[in-house]
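Please keep the sequence and the structure in view while reading.

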Amino acid sequence: MQIRKLTFQYEKNGRKIFDDFNWTLDPEQVHFIIGGNGVGKTTFYELISGLLPFERGEIDSQIESKDILLQLQNVPMLKTMSGSDLAALILGADGQFDSISLQSVSYSLPSSSQDKLAHLWVTDYGQMSVGERRWLLIYYFSLLDRELYIFDEPTAGLDIQSAQEILSIIERLSSERGKKVLLTTHQLAEMDSFENYTVSFFHDGKNYFTGSKKDFQEIKKNNSDDYIHLKNFLAIDRKQTN
């Protein structure tokens with residue numbers, strides 16, 4: 001996927017989100033998108049998923065919209081639906097599974113996570129914590145067969161353990177199933193959960209920086225101007241990133 005000279009703005013406020021924007025989906029399977037609040041990360045995901053039209057530019061992609069899974073934050077669900085009901089809704093509507101049972105959807109989980117899924121299977125959505133809801137939905141999404149998976153701040157507001165469990169689910173998509181993954185984070189330390197990745201930093205309507213894990217660690221080690229800018233723009237404390 002390659003984006004060339006993309007321009008986009010919302011008609012209501014006239015604010016230009018992307019201006020002559022260029023970006024390439026690296027062959028590396030995990031690609032982090034980082035940037036401050038309001039830079040257009042969610043808008044970017046909606047554009048490449050085909051949910052939003054754009055004014056000018058080109059999105060050259062061999063990945064069809066039907067082969068892209070986009071996870072948005074705060075997905076509304078009926079609070080009376082149990083974990084098994086959610087499985088029937090998400091997995092059943094896709095048509096990938098011939099039958100949906102606890103056994104059929106838990107095969108790829110470690111034993112500790114299988115116990116967690118078994119508990120949530122019979123728990124109403126309204127009785128689940130925020131972390132449990134997000135864990136369950138992202139796990140179900142990861143079971144769907146897509147070419148590109150997009151996760152928009154999947155660990156936002158979660159405790160350390162819940163966040164790590166979600167990152168592990170996402171990491172397995174890449175390492176075990178060879179899928180391409182795009183995800184957003186405000187915690188740079190979360191990148192350490194992945195053996196390899198590419199990272200892009202968006203700022204002021206532009207793709208300010210794109211590089212490999214090695215490139216990113218190099219500018220971090222040298223405390224280069226690029227890394228100083230990243231820290232300033234993201235308002236990340238040095239303790240979180242060292």
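Ile 3 has Trp 23, a residue of E2, as its bridge partner. The model described here is predicted. Strand E1, which covers residues 2-9, is joined to E2 by five bridges, and the two run antiparallel.

**The sheet**

- E1 and E2 belong to an open sheet of three strands, ordered E2-E1-E4, with antiparallel pairing.
- Strand E2 (16-24) and strand E4 (56-60) are the edge strands, since each of them pairs on one side only.
- On average, neighbouring strands of this sheet are turned by 25° against each other, direction ignored.
- As a general principle, the strands of a sheet pair through backbone hydrogen bonds, in either a parallel or an antiparallel manner.

**The helix across the sheet**

- Helix H1, formed by residues 41-48, lies across E1, E2 and E4.
- The helix H1 runs at about 60° to E2.

**The nonpolar cores**

- In soluble globular proteins, nonpolar side chains tend to be buried together.
- The largest nonpolar core of this model contains 47 residues, and Leu 91, Tyr 140 and Leu 183 have the most contacts inside it.
- Helix H5 (residues 130-143) gives the most to this core, contributing eight residues.
- If neighbours within four places in sequence are set aside, the residues in contact with Leu 91 include Leu 86, Phe 97, Ile 100, Val 105 and Tyr 140.

Definitions and conventions. Residues are numbered from 1 along each chain as its sequence is written. This is a predicted model: local features need pLDDT of at least 70, side-chain atom pairs count only at pLDDT 80 or more; totals for chains, interfaces and linings use all residues. Side-chain values use heavy atoms; hydrogens and water are left out. Two strands pair if DSSP finds at least two bridges between them. Helices (H or I, at least four residues) and strands (E, at least two) are DSSP runs, numbered from the N terminus. Axes are lines fitted to C-alpha atoms, for helices over the stretch in contact, and angles run from 0 to 180 degrees between N-to-C directions. Contact means heavy atoms within 4.5 Å. A nonpolar core is a set of buried Ala, Val, Leu, Ile, Met, Phe, Trp, Tyr and Cys residues joined through side-chain atoms within 4.5 Å. Buried means under 20% relative accessible area, exposed over 50%, partly exposed in between (1.4 Å probe, protein chains only).
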